[in-house]
Amino acid sequence: MLEWINKQDDWVRDALRRHSSTATFELAMADKEAILAGVRHKAGHKPDSKSTAPVFTPIVASDLKHGMDVGKPTILCSLGPLENVGRLAKGQSLSFALDGITLVYGENGSGKSGYCRITKKLCRSLSSEDLIGNVFEEGDKLPAEVMVRYRPADAKDEEEPVEETWIDGTPAPSALRHVSVFDSRNAQLYISQNNRIDYLPSEVALLEAHAANRDEMAALFDAEKKELEARTKVPLPTGYSTGTPASDLVKRLDPKQKTLPTVKEIIDASEWEEGHQAEHDSLTKKLAEDPATRLATADRVAATLRDIDQTIATLGSIVGNAGIEKLSKAVDEVAVATSTKSALAQGTFSGEPLTGVGSDVWRRMYNIAREFARSADFADVPENPGDPCVLCQQPLTEAGSNRIKRFNAFVADAATKALEQAQASLDAALNELQSTTIPKPAIVEKMLAEYAAISTDCATLANEIQSFLKSAAARKLALENAVTAGTFDDMGELAAMPSAKVASAIAELDSEIVVLKDASKTDEERAKNKARLAALSDRHLLSGDRETVLARLADLSDLLHAKSCATIVGNQQLSTQITIIRRQLLAKGLGLRIQKEVSELGLDHLPFTVSDRSRDGHSYFEVGLESSVAAKNERVLSEGEQRALALACFLGEQPEGGMHGIIVDDPVSSLDHLRVRRVAKRLVAEAKKGKQVVIFTHNLLFYNEVSDAAAEDAVPLVKRVVTKSEEKGFGLISESDEPWMVRKVSDRANYLRDRLKEFEGVTAFDTDEYRRKVKDFYTDLRETWERLVEEVLLGKVVERMNSDVKTQSLRIVEVSDEDHATIYRNMKKASEFSGHDKAAGKDAATARHVDMKAALDALDTYRVSVTKRRKETQERREKLESAPAGKTA
């Protein structure tokens, strides 16, 4: 361990020393900040004037003093009172034995699992479940609130437990982090995924704690990177020339660049003084008179005017008088053809069943039918008798054939053709108008700005061009409206077309270009002047952008720093070292423990293997089948085998010698009675070591098995019962009762005698509430007679919820005819008032207090009688178990 540590960076060695200063290897906030500063220093961060460089103190052998966390455990004392946990009643408190076993029984739906869900939030658990309020009540649900009492590992026996109100959504008490919880959800995770190893040798635990701190820092650096990357994606100011000192500096401000400019370089390149401005003005004037510069301007302006000249010519033919005449004529021709066609249709189809034949709508429909007919290999719409109709696809009758022939003749008529041609001409003219693009005024002004700046005459012509284009746009809109309205009365005025003036201007520019080409010859001085002017222009631009550019430099520097820090805190190397140490010190022991638990729970017939690995600085194990075909455990194992394997993993991962408490919820679901006993004995064995063991169950067989195993091994046992009632709700805790099904006859009789007090002085015998209470009393009385048969009359030879047959108890069993008669009469009477539905004619009068007392007295009297008789029977039969006495003379 130390050999590896001594090869690490100073910040790592210092961080490991800080971790090792506490038994849990947890870091104080000050230590975290110091480690973070160490990482930033390693990444090249320079401290400012207010701070100093970090000082590193490396870990040494004497710092590695904390062993595996298997010492004195934290004890969970109680949960509750609680609020806002499902439908659990307020004011209840579930206390736990400080040593031995706490056996918590609750029927399905009693609220037992609600308490277990709380422990999954507070303690170590592979899964957790949301603690929600009562979903059957309206309104917002407040977070669960639980009073937790526990005795920390370092507490003295005489100290009072720590009381802490925990609110869901806040961190659980750290002292409870080693109390482990097992339930059905966790069971599935143990057999279907890699599970983190939480109990580790100190060397591995130290490195994992350091890995967790690295993860925290990596998350911080990742957040920094995301924020900085978003900021550096915003484009920087543009407008710089290529190859100038300023533009080269700006170009280097890119996340892909490994070397960034310095602050000094940017400041030096952006200084702008009076001398710079004077030089810039002088060069600008000098180069403006340069033939090459003037030539470039003339070329651009001439090209712009040629484009505008073409636009003016096109608009003149489309929106001028010729265009108006063309569209007006096309509209008139369509109107005449439409009128002619309508008259023809009225004369031709006046006798048709439907009106509107020959109209535009009908014609469009008919043209579609014609296209369909041609797609079906007909020359035209079928018209002969027997041909299929293209609409209904039935054979045409004679009348139908004649009608189709009239339709075809009408469509083929010259008038129809004339209408189609007139409409096509109008559509073409209108399309030509609508597809003509006229530049917007702002764009035209920008295009002509350079030309207008040449002279006053040029500015005047530029205004005329803009006026014409503006009036052409208005004329275009008027023509579109006129086509729709069918009238061309008001077309507005069209400004004079400046075509001749534009052509003349182009000619003048062309002549000037010829002259300037001869005059412009590139020389070395002009090139230097242009380069210097570009450099000065970019310097001036950078002086205005300096604040933005420096901010970008700072962001990029921070981004490179964050990336470097993220690389430094990467966990790959650490994971490798954890694997090496873990496999030397832990993996074999973990595998053996799980294999031992597998054997304890009767799974020897299945070949399992335990494997381990590291990921992101954490240790994980997995239990799988050794099979020739890769298969998941849940696809091969039965439900019972899966549950037993999961419990084996849960118990096996507890550290050797560890004393941390365990909490299990119904661990025997789907297990047969033999494995139920194995689990009971195994959990009792854990408690016998001195561990706190809490068991939640609704299985009475398991409840009895745990009780018997605890008694056999002299393990302290406390029992809790969770019930529900209509009045008080769910999760009601009883610390003195046992489940009704396992109570002795005497306990049940005493309980029923207390219940009798509720009936004293009652006079309203016909209410539903009274009848329900009587019914409940006699139901419990009938069940007590049934329990009496098991416990007293048959001496517990066989019992429900118990897998043993106690043959030795037969010595006290004797059943006579009188026993049968007594039990028959009393069971019959109890049944009359309990849960059986009777015919109206046999409905007996509702029992009174005196009747119920007499029925209970009969049970007690019979119990005492049989108990007395059992003693006599036992003495008589014990004599039969001995050899008979020999005769002597």
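L717 touches I101, L103, S707 and A710, leaving aside residues up to four places away in sequence; contact here means heavy atoms within 4.5 Å. This is a predicted model, where local features need pLDDT of at least 70, side-chain atom pairs count only at pLDDT 80 or more, and totals for chains, interfaces and linings use all residues. Residues are numbered from 1 along each chain as its sequence is written, and side-chain values use heavy atoms, with hydrogens and water left out.

Back to L717, which sits in strand β12 (residues 717-725). Helices (H or I, at least four residues) and strands (E, at least two) are DSSP runs, numbered from the N terminus. L717 and L103 are 614 residues apart in sequence, yet their C-alpha atoms are 7.2 Å apart in space. With a relative accessible area of 27%, L717 is partly exposed; buried means under 20%, exposed over 50%, and partly exposed in between (1.4 Å probe, protein chains only).

**The mixed sheet**

β12 belongs to an open sheet of six strands, ordered β6-β10-β11-β3-β12-β13, with mixed pairing. Two strands pair if DSSP finds at least two bridges between them. The edges are β6 (180-182) and β13 (729-734); each has a single partner strand, so one side of each lacks a neighbour in the sheet. On average, neighbouring strands here are turned by 15 degrees against each other, direction ignored.

| Strands | Sense | Bridges | Bridge pair |
|---|---|---|---|
| β3 (residues 100-106) and β11 | parallel | six | Y105 and T697 |
| β6 and β10 | parallel | three | V181 and I663 |

Helix α22 (residues 639-652) packs on this sheet and touches β6 and β10, its direction making about 175 degrees with that of β6. Axes are lines fitted to C-alpha atoms, for helices over the stretch in contact, and angles run from 0 to 180 degrees between N-to-C directions.

So what about β11 itself? Six of the six residues of this strand (residues 692-697) are buried, so β11 is largely enclosed by the rest of the structure. In a regular strand the side chains alternate between the two faces of the sheet. In β11 both faces are covered: Q692, V694 and F696 are buried on one side, and V693, I695 and T697 on the other.

**The antiparallel sheet**

There's also an open sheet of four strands, in the order β2-β1-β4-β5, and its pairing is antiparallel. β2 (94-95) and β5 (162-167) are at its edges with a single partner strand each, so one side of each has no neighbour in the sheet. Strand β4 (residues 145-151) runs antiparallel to β5, joined by six bridges, and R149 has E163 in β5 as its bridge partner. Helix α4 (residues 112-122) lies across β1 (75-83), β2, β4 and β5, at about 115 degrees to β1.

**A serine in α27**

Finally, have a look at S831, in helix α27 (residues 817-833). S831 counts as buried, at 17% relative accessibility. A polar atom of the S831 side chain lies 2.8 Å from the backbone oxygen of M827.

Note on methods. Polar contact = N/O pair within 3.5 Å; in protein donor to acceptor, adjacent residues only side chain to side chain.
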